[in-house]
Amino acid sequence: MSNLILDHNIVEDTWQLVTPPTVEEAVVRKQAGKVVLFKLTGEASYSDEQITATEIPQTGKVLIPLTVWIARKQALSARLANGEIGIWLATHEVLETLVENQPDLNVFPLIAIHVERFADGRIFSIGNLLRTRYGFKNTLRAFGDVLRDQLFFLKRCGFNSYLIRADRSAEEALASLQDFSEPYQGAVDNNQPVWRRVHREHV
């Protein structure tokens with residue numbers, strides 16, 4: 001059964017996830033700093049060799065890494081116009097890089113954020129920025145180490161699609177979207193705080 005939640009339903013995933021080929025560990029040790037680049041956080045970025053070697057299916061809807069999109073966006077422009085190109089990026093990547101290369105983010109039917117570790121809270125800030133600062137209105141997906149306890153808060157930050165980790169239940173995760181009936185703070189999904197939403201009769 002599918003582990004993908006879209007809005008409040010479990011659905012089949014019609015997108016093909018594209019990832020660059022992995023680099024052999026021996027090669028990384030031999031050419032450290034050349035084959036794999038590192039951010040200040042120590043998280044790996046794809047090398048030019050990996051980006052060039054990435055294979056993209058010729059048909060269907062494909063979800064491709066940000067770095068691959070930047071390198072091949074002219075070649076993929078027709079497929080983008082047909083709604084076949086979605087973008088994914090990791091939490092350590094710079095969101096502004098996407099905006100600089102494609103100011104109108106709503107040309108993408110899907111943007112997905114990969115979270116490698118459950119405890120990585122950057123995904124919440126990224127979702128908020130995509131919805132509020134950059135005005136993204138289409139499907140915003142979280143995938144990677146995505147578990148039940150994150151979903152309600154991901155929704156509050158603007159996500160409406162969640163690919164639950166393969167060893168967990170999508171049904172249980174879906175139920176978590178109803179964990180709280182009246183969140184106190186305003187957020188992306190409802191910018192009104194509870195004291196503005198709830199009518200109280202004067203005593």
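User: How much accessible surface does the protein chain have, and what share belongs to carbon and sulfur atoms?
Analyst: The accessible surface of the protein chain is about 11800 Å², and carbon and sulfur atoms hold 52% of that, with areas from the Shrake-Rupley method using a 1.4 Å probe. This is a predicted model, where local features need pLDDT of at least 70 and side-chain atom pairs pLDDT 80 or more, while totals for chains, interfaces and linings use all residues. Residues are numbered from 1 along each chain as its sequence is written, and side-chain values use heavy atoms, leaving out hydrogens and water.

User: What percentage of the residues is buried?
Analyst: Of the 203 residues in the protein chain, 39% are buried, where buried is under 20% relative accessible area, exposed is over 50% and partly exposed is in between (1.4 Å probe, protein chains only).

User: Which residues of α6 are buried?
Analyst: In helix α6 (residues 122–132) they are I123, I126, G127, L130 and R131. Seen down the axis of α6, these buried residues fall within an arc of 125°, so they line one face of the helix; the arc is taken from the directions from the helix axis to the C-beta atoms.

User: What do they pack against?
Analyst: The buried residues of α6 pack against α5 (95–101), β8 (110–115), β9 (139–144) and α7 (148–156).

User: Switching to D7, where does it lie?
Analyst: D7 lies in the loop between β1 (4–6) and β2 (9–11), and its phi is near 55°, a positive value in a residue other than glycine. Most residues other than glycine have a negative phi.

User: Is D7 buried or partly exposed?
Analyst: D7 counts as partly exposed because its relative accessibility is 40%.

How values were computed:
Helix = DSSP H or I, 4+ residues; strand = E, 2+ residues; numbered from the N terminus. Contact = heavy atoms within 4.5 Å.
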